Amino acid sequence: MGRPPSNGGPSFRFMQNEVTEMEAILQEHNNTMPAREVLVSLAEKFSESPDRKGNIQVQMKQVWNWFQNRRYAIRAKSNKTPMKLNITPMPRDDLVAARGLPQQVAAPIPVAVPATTPASSAGAGRATSENSYMEFEAKSARDGAWYDVGTFLSHRYLDKGDPEVLVRFAGFGPDEDEWLNVCRQVRQRSLPCEASECVAVLPGDLILCFQEGKDQALYFDAHVLDAQRRRHDVRGCRCRFLVRYDHDQSEEIVPLRKICRRPETDYRLLQLHAANDSAANDQKEASVDPSTANAQRVAASALETTQQQQHNSDGAMAVLASQANVSQPVKTL
């Protein structure tokens, strides 16, 4: 369903034997991204296969994106609770002061900073889990697609504009390093969606969407135009989303598995979980345990018997009083 790629060509697909081989490699690496040499070797091997040779040249980025997409899917299935992350922007005063430094001067970092950092460093006094980590993604200036950040190698401040960081993308080598604008091209990593999280994807949302074309299959920014809700089954979420890609304005209908939501939508899931918990508590209070109900019935029966016995006793006393025919004193003037 949906419109074909903007170039009019068929969507790129890996063949089943290629998928089987990549799945085996991913399992051998314990769901971590293989080294660049492995990805390049796979791309060259697939390109030289009889079914592709002379027709389609498989690119290393296509292989990388397959691994990335599969890792996202596996991570979404294993993480039942979305990670709650917080990020504090750099104060404007620091940005103004930083802009006074000489232009194009790189400030090397003695030890490369990994792109996965403890979330507790995002802000003092914030209550975050010790096991929560903040991960980042960056938008490549070469193709406009988003990739996971492996390491922040260096940073620099310019006379005009925002600070920049030297990024090494996860799974890529030094030849692919890029200087990127911190405010516009680096952000907290988008989150793959579980089947139950489709309710958090709404029309108007900014998402990261996996676009498959003839020559490439990459993650691009897109906006949700409409959502068609469907009943879920054993296969998971069957909903469909009409999206418009920001970079080429093309539209496509995609399943949830191709969508990564922004962390800013976490509050919707929190509200949904809170509402579900409240409804469950109300239902629990409304429903009575069978043993408790039986005890209540026994107590009510005992009370009714006691009241009846008291009523009978009062009646007997009245009869006895009437039979005694006790004379009443006469009041004289």
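**Entry 1: two helices**

How are H1 and H2 oriented to each other, roughly parallel or roughly antiparallel? I started here, keeping in mind that this is a predicted model. I looked up helix H1, residues 16-28, and helix H2, residues 36-47, and found that their axes come within 12 Å and cross at roughly 165°. Angles over 145 degrees count as roughly antiparallel, and H1 and H2 are therefore roughly antiparallel to each other. I also noted the handedness: H1 passes H2 in a right-handed crossing.

**Entry 2: who meets whom**

Next I asked which residues of H1 meet residues of H2. From H1 I listed Glu-18, Glu-21, Met-22 and Ile-25, and on the H2 side Val-38, Leu-42, Lys-45 and Phe-46. Sorting the residues of this contact, I got five nonpolar, three charged and no polar.

**Entry 3: a salt bridge**

Glu-21 and Lys-45 form a salt bridge, with 2.8 Å between the closest N and O atoms. This pair links distant parts of the chain, since Glu-21 sits in helix H1 and Lys-45 in helix H2, 24 residues apart. I then searched the whole structure and counted 20 salt bridges.

**Entry 4: the sheet**

I moved on to the strands. In what order do the six strands of the open sheet lie? I read the order as E9-E14-E10-E11-E12-E13, with antiparallel pairing. Strand E9 (191-192) and strand E13 (251-255) stand at the edges with a single partner strand each, so one side of each has no neighbour in the sheet.

**Entry 5: walking across the strands**

I went through some of the pairs one by one. Strand E10, residues 206-212, runs antiparallel to strand E11, residues 217-228, and seven bridges join them. As an example I picked Leu-208, whose bridge partner in E11 is Asp-221.

My next stop was E11 with strand E12, residues 240-245, an antiparallel pair with six bridges. Here I found His-223 opposite Arg-244 in E12.

Then I followed Arg-244 onward, and its bridge partner in E13 is Glu-251. E12 and E13 are antiparallel too, with five bridges between them.

**Entry 6: the turn**

How many residues lie between E12 and E13 in their hairpin? I found five, and in the turn Gln-249 has a positive phi of about 60°.

Notes:
Residues numbered from 1 in each chain as written. Predicted model: local features only at pLDDT ≥ 70, side-chain atom pairs only at ≥ 80, totals over all residues. Heavy atoms only, no water. Axes fitted to C-alpha atoms, helices over the stretch in contact; angles between N-to-C directions. Helix = DSSP H or I, 4+ residues; strand = E, 2+ residues; numbered from the N terminus. Parallel < 35°, antiparallel > 145°, perpendicular 65-115°, else oblique. Left-handed = near helix turned anticlockwise from the far one by under 90°. Contact = heavy atoms within 4.5 Å. Nonpolar A, V, L, I, M, F, W, Y, C, P; charged D, E, K, R; others polar. Pairing = 2+ DSSP bridges. Salt bridge = Lys/Arg side-chain N within 4 Å of Asp/Glu carboxyl O.
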